[in-house]
Amino acid sequence: MSTNVPVFGLNLPQSQAVTYLDGPCLVLAGAGSGKTRVITQKIAHLIEDRGYDPRTIAALTFTNKAALEMQERIAKLLKQPKQAKQLTVSTFHSLGVKILRQEAHGVGLKDRFSIMDADDCGSLVQDMALTTDKQVVRRIQTAISLWKNGLVDPLAALNQAKDEDEAQSARVYASYVATLSAYQAVDFDDLIRLPVELFRNNDPIRDKWQRRLRYLLMDEYQDTNTCQYELVKLLVTGIGKKPMFTAVGDDDQAIYAWRGASVENLKTLQTDFPDLQVIKLEQNYRSTTRILQAANAVIGNNPKLFEKSLWSEHGLGEPIQVTSMPTDDAEADQVAMLISVDHFTRKNKWSDYAILYRGNHQARIIEQALRKERIPYTISGGQSFFDKAEIKDIISYLRLLANTDDDPAFIRAVTTPRRGVGQSTMETLGTFSGQWQCSLFEAVFKGGIEGLLPDRQLNPLRDFCNFINNLEARASRPGPSGSGDNAAQVLDDLLEAINYENYLYDMFDERAAQSKWQNVLEFVNWLKDRGRGGKDRDGEEKNVLELTQMVALMSMLEGQDEDPDAVRMSTLHASKGLEYPHVFLVGCEEGILPHKGDADAPAESIAARVQEERRLMYVGITRAQRTLHITWCKKRKRAGEQVHCDPSRFIKEMKLDEGTAVPLESEVLTPKERLARMKELLATPKPTV
DNA sequence: TTTAGTAACTTTTTT
DNA sequence: AGTTACTAAA
């Protein structure tokens, strides 16, 4: 097939990107230029026109939400929608789990390894660094994460440490790695790093996976880190084999440098693959011209990696509004009111509106305001369903069931609900297990522990461990249907046995307990559903272990039970890749956006950080399709006290005063005025747009 | 030893 | 505002 025949409904560069299959391909896709469209169409093209087996195609995204959405879009595109289920559409991390689950032995893990979340890792670091200072713990955690993502081992980290802080982090790094392997556990970074290690050292296994995944597509390529890029390279390059992949990215939307991503990967791609075909998508199908102009003006202040200029065939559109607010409370109220009024006057859906902000904590105050106005909303980004304490409690039991060496899970499960095991018991047990180099669970039955713990403390421990053992025996017994455990029954038994519902009602007031128990039931039902192979029963059946490992990665809220008609609230980071007709970008103040970090950082890194914040602003602006409303506060509550704020430098950089938009001065209404205005607006006919 | 209640300290972004 | 650290009772 010639690459010059345009695919129906695509412009020329899009079409070229879809049909180009002579080698590796990089698509530089500006905001709103239809990059997801290119990926989904290309997958359809591979299957339907080129005869690819869907099982040999993998598309990698950055969030589970994006993966889910992409799979749905592909299903709609295919003549046989069921083929979409055979594709690997997942995050890098999920692919890592998939590989590790099959190749655990190759990296020295037992089959039933645990996946530890950031909290578990945090308490690990806390113990090993001998500090309770949360700041220090987080600093060490990010240092370790950056090392892992950069494929630097503990020894190298120690050698290249520049100051005592880094040396301390490196020492903790060493014992951290040792402890994880003692637990038979991995952290998020290991999910990518271990497959890389495996493929580097084991050619037959690497070969196997290369045959398994013949074509690779990557979304948001600008946000990949060294380790992820290495995994990709190992998967696509082989002797006598043509590297086959498509990477899609935009250097202006790189906003994850803080977690090890490097935009340089875009450039490196060109040197590593000299025959790389580079295709630029510069036509924007999303926003009005005014919005694009503002976005371009802001990003123009950053150095360019690739030359590109976005343009749009849409009209000029409505002016961008910039409003100053006296306080953050007023900002939230005002935005809620503006949305309410606009919703009723223009007869728009609630879901046409999005409120975007820099930090999760900004969501709280906005939520309150929206509730006051009776506006339905959904929050994406921020702490997820799976991070709720009651859900993590249940998960810790499942993890322990799957892997009794998982000490963090043991600690949580054995102490919640309270069963007479407290701090000092755990300390004794911990020292003992440390001396004998065994897990806490093992230590409970090891000879010698009787001398250290009186029966009063030892009995509850033994009772608990016997309980887990019994449950585990039942969990791994084949269910009536043959293969797989009877996950549903095990889950019910577990909740019953630990009396979790009563525990909740003992610990919390009626209302809180009720909602928490509701969450638990919802979670358990969700698990049971997945255990049976998913909603349509055409997914793979999963046992308790697989379910547990899957849940560990579900840190983002899934779009399943989202209210379809509700105002969207999101952090700027979580909004990447999404679009909304009407966008409110709140809290545009110096110190918030750009966010101020360590003032004593070197000037160079401060400059780099401001550039990343500017890209964040760019992402925010380019989410908007029709209207954009930016707000900033003169005063804001911060750690209790009111603090004076200045407008963000990025507002000036939008160059709104040069004829593209009219800045609007602050306009704060009292409830009475608001009501009057509302009535007045409701009476006027819907404006034509 | 465990738990419950009160006083002080902090808020980037996420797989 | 929301969590954590510390102190007093059971």
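Predicted model: local features only at pLDDT ≥ 70, side-chain atom pairs only at ≥ 80, totals over all residues.
Colleague: Which residues of α4 and α10 make the contact?

Modeller: From α4 come Lys98, Ile99, Gln102 and Glu103, and from α10 Ile205, Lys208, Trp209 and Arg212. By class, three are nonpolar, one is polar and four are charged.

Colleague: What makes α5 roughly perpendicular to α6?

Modeller: Helix α5 (residues 118-129) packs on α6 at an angle of about 110 degrees, and the axes are 9 Å apart. Roughly perpendicular covers 65 to 115 degrees, so α5 is given that label relative to α6. The crossing of α5 and α6 is right-handed. On the α5 side the contact is made by Ala118, Cys121, Gly122, Val125, Gln126 and Ala129, and on the α6 side by Val137, Ile140, Gln141 and Ile144. Seven of these contact residues are nonpolar, three polar and none charged.

Colleague: What makes the pair of Trp147 and Tyr173 stacked?

Modeller: The ring centres of Trp147 and Tyr173 are 5.5 Å apart, with 10 degrees between the planes. A pair needs centres within 6.5 Å, and stacked needs planes under 30 degrees apart; Trp147 and Tyr173 are therefore a stacked pair. Trp147 belongs to helix α6 (residues 134-149) and Tyr173 to helix α8 (residues 164-183), so the pair ties together parts 26 residues apart in sequence. A search of the whole structure finds twelve aromatic pairs. Elsewhere, ring pairs link Tyr397, Phe410, Phe441 and Phe464 into a cluster.

Colleague: How do you know whether Trp147 is buried or exposed?

Modeller: Buried means under 20% relative accessible area. Trp147 has 10% relative accessibility, so Trp147 counts as buried. Tyr173, at 2%, is therefore buried as well. Across chain A, 54% of the 689 residues count as buried.

Colleague: Which label does Val177 get, and why?

Modeller: The relative accessible area of Val177 is 29%. Val177 is in helix α8. Leaving aside neighbours within four places in sequence, Val177 is in contact with Lys148 and Pro154.

Colleague: What is the phi of Arg374, and what is that of Asn499?

Modeller: Most residues other than glycine have a negative phi. Arg374, in the loop between α15 (361-372) and β13 (377-380), has a positive phi of about 60 degrees. Asn499, in the loop between α21 (487-498) and α22 (500-507), has a positive phi near 60 degrees.

Colleague: Where is a cis peptide bond found?

Modeller: Leu593 and Pro594 are joined by a cis peptide bond, with omega about 5 degrees. Pro594 is in the loop between β15 (580-585) and α26 (603-621).

Note on methods
Residues numbered from 1 in each chain as written. Chains lettered and ligands numbered in written order. Heavy atoms only, no water. Contact = heavy atoms within 4.5 Å. Helix = DSSP H or I, 4+ residues; strand = E, 2+ residues; numbered from the N terminus. Nonpolar A, V, L, I, M, F, W, Y, C, P; charged D, E, K, R; others polar. Phe/Tyr/Trp six-rings, centres within 6.5 Å; stacked < 30°, edge-to-face > 60°. Buried < 20%, exposed > 50% of the residue type's maximum accessible area, 1.4 Å probe, protein only. Axes fitted to C-alpha atoms, helices over the stretch in contact; angles between N-to-C directions. Parallel < 35°, antiparallel > 145°, perpendicular 65-115°, else oblique. Left-handed = near helix turned anticlockwise from the far one by under 90°.
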